[in-house]
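Thanks for coming. I will take a few spots in this structure one after another. Please have the sequence and the model open.

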Amino acid sequence: MKQSKKYPIYGIMAEFETPGAILKAAQTAHDAGYRVMDAYTPFPIEEVSEAVGFRRKDNRVALTSLIGGLLGGLGGYTLASSAAGVWFPLNIAGRPFIPWPMFIPVTFEATVLIAGLSAAIGMLIMNGLPSPYHPVFNVPRFNRVTTDRFFLCIEARDPKYDEGVVTEFLKSLNPTEVTLVQG
Amino acid sequence: MSAFQDDGPLVQAEPLAGYRDPSLTPIIGPTMTFRTITEKISDIVLEMDTPKWWFGTMLVGLAFTVGLLFAVTVLFFKGIGIWGNNQPVGWAWDITNFVWWIGIGHAGTFISAILFLVKQEWRNSINRFAEAMTIFAVMCAGMFPVLHLGRPWLAYWLFPLPNTMGVWPQFKSPLVWDVFAVSTYFTLSLTYWYLGMVPDLGTLRDRAKKTFQQKLYGFMSLGWRGSSKHWARYETAYLLLAGLCTPLVLSVHSVVSLDFSVGIVPGWHSTIFPPYFVAGAIFSGFALVLTLIIPARRLFGIKELITQRHIDNMGKVMLATGLIVGYSYVEEAFLGLVYPGNKYEHFLIMNRMFGPYAPFYWTLVLCNVITPQFLWWRKIRNNTIVLFILTIVINIGMWLERFEIIAVSLTRDYLPSSWGYFKPTIFDMMTFAGTLGFFLSAMLLFLRGMPMIPMYEEKMLLPASDPHGHAEEGIFLEETEEI
């Protein structure tokens, strides 16, 4: 792994017990000038995402879904009208080969299908999932993140990163525990 | 209470939906914390010894599934002549079962998507359960049209695949729309269900002690680590899927109903069908959710997560949709009996009410119109035993309704010389009972191996989840003691 060679240490992680504490910690860290960090929580807390520097422009799931939906709808309509009008035209009592209203159900279903799959798959890809291994899993108590604990990790890639300073800083936030995260 | 009055406005900033009106039972038990929610739900999967009743019920389910396999094997060798279908009744139990099962599935999507969009927080504890039901119900539904094809091994011809014969599906036909509607519905329901489960599978992975469990849930959780950046995208994707599933749930049964209303058979050819079918679908679906959830919450001891309030609310939805269904019956009868000019519709209604299948008609009126009226009473909605019986009666009624529309309409159409009578065979019965068994076994597997209640969504219902609440987990307990 390229990253772990360059940064043998992934970052430093602090553990908190409440949503309020993690929000305050993330905001304080941001105010202190740290930029490359992430918080880990058992359930979504919108403000924490914002506090660790996640901006609206980083979230392209909706756009992906929109593009997928448009392409899906276009594909569905093209498929139906090509099959009925070009590849296998059936003359039934002189009725039109391409009656567009009859193709709306298929167009609609294709739109919804591709839009939904784009949202789901796009979200996974943008999140870098599936990723069975990640350095944060090396923290022994990290398995409580999916139960009731909240973690803040300042990563080694941060320009202001300095092991001693960051450790002291995180300790000043009243965490339950501060741990070095092996890369 | 008084100890917290100083920061009162903050603690009370966003009270839980259930607590806005103290006369209502809360949607989550007062003793629940992040930890107890997690333990309660994940222990059912990871720690609990499989109870005896589970094996017993599973055995019954599997026995019926074996019956299904047998019936289907015979069908593959002999063709659909083993069923009671014959001219003029070409669509009988098979399509009835298809429509009934698809309808059952609608409650799941209704609960998980529509109630999510309108922020009905009580749906959080029943949505996963109901979605699982949707998926298994659509699986059962999908079997029937395929088995009814005559040559089921050519089922892939339903899809628009380029082939050497140069033949394509007829895109002007509702039957092709149906293929698209049902397969889209199944794919998206499965995606929505699985996506919603990923964080909870992460929880199971982290709490699992046996290697097999760690590997299984580790694989399925896709390496979910609760990163707040992931959560932001995840929530967008979840919201979008809810938004997309909402028109989908309304469209699927509408398209199914077009299979009939585009045909010219009296009893099929009606513009009221799409809303009528959708209402009936949600009606029967909620009934089945209740049929399953009433015993499940007792057997798994999760009454604090699926409270009386949920039961009560589902009763109300059933009442509302039941009234729409009842209205549709009245409208059909009005068109046939009172509205002048259509003697075939008139004959159809007379045939339904007083013809050879009249007992079915009156049973279905009893089941679907009279029975839901009991739900006006809060006492009945809160009496789980009475409600349990009501839900079964309603689902029998809904099945009869589908049969009445599909098969009975076909027995007597325009030409008296081609009238007929439909009787099911043992294979009809085995196939239908078999899908019920398959459904039951699949639900039992789900209850045993998957988190049946979304843990992370439940945690978001606790006041302690509000970062501005200054609420330690304990406060919740004291605050709610009086309720």
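In which loop of chain B is B:Leu222 found? B:Leu222 sits in the loop between α8 (211–220) and α9 (228–261) of chain B. Helices here are DSSP runs of H or I with at least four residues, strands are runs of E with at least two, and both are numbered from the N terminus.

Before going on, the ground rules. This is a predicted model, in which local features need pLDDT of at least 70 and side-chain atom pairs count only at pLDDT 80 or more, while totals for chains, interfaces and linings use all residues. Residues are numbered from 1 along each chain as its sequence is written, chains are lettered from A and ligands numbered from 1 in the order in which they are written, and side-chain values use heavy atoms, with hydrogens and water left out.

Back to B:Leu222. Its phi is near 60°, a positive value in a residue other than glycine. B:Leu222 counts as buried, at 13% relative accessibility; buried means under 20% relative accessible area, exposed over 50%, and partly exposed in between, with a 1.4 Å probe and protein chains only. Chain A has a case to set beside it: A:Ala93 has a positive phi near 55°. A:Ala93 lies in the loop between α4 (61–87) and α5 of chain A, and at 70% relative accessibility it counts as exposed.

Next, cis peptide bonds. One joins B:Gln87 and B:Pro88, with omega about 0°, and B:Pro88 is in the loop between α4 and α5 of chain B. Another runs from A:Leu129 to A:Pro130, with omega near -5°. A:Pro130 is in the loop between α5 (100–126) and β3 (150–155) of chain A. As background, most residues other than glycine have a negative phi, and most peptide bonds are trans.

Now helix packing in chain B. Helix α5 (residues 93–117) of chain B and helix α16 (residues 426–449) of chain B pack at an angle of about 20°, with axes 10 Å apart. Axes are lines fitted to C-alpha atoms, for helices over the stretch in contact, and angles run from 0 to 180 degrees between N-to-C directions. α5(B) and α16(B) are therefore roughly parallel, the word used for angles under 35 degrees. Which residues of α5(B) make the contact? They are B:Trp93, B:Asn97, B:Trp100 and B:Trp101. On the side of α16(B), the residues include B:Phe432 and B:Phe439. Contact means heavy atoms within 4.5 Å.

In chain A, A:Val166 belongs to helix α6 (residues 163–171) of chain A. A:Val166 is buried, with a relative accessible area of 0%. Leaving aside neighbours within four places in sequence, A:Val166 is in contact with A:Ile12, A:Tyr34, A:Ile154 and A:Tyr161.

Last, confidence. The model scores ipTM 0.90 and pTM 0.88. For chain B the mean pLDDT, the predictor's confidence in each residue from 0 to 100, is 85, and 92% of its residues reach 70 or more. Confidence in chain B is highest in helix α4 (residues 52–78) of chain B, at 94, and lowest in helix α1 (residues 8–11) of chain B, at a mean of 36. Over residues 1–20 of chain B, pLDDT stays under 50. Residues 471–483 of chain B are also below 50. Where pLDDT is low, the predicted coordinates should not be read in detail.

Key. Parallel < 35°, antiparallel > 145°, perpendicular 65-115°, else oblique.
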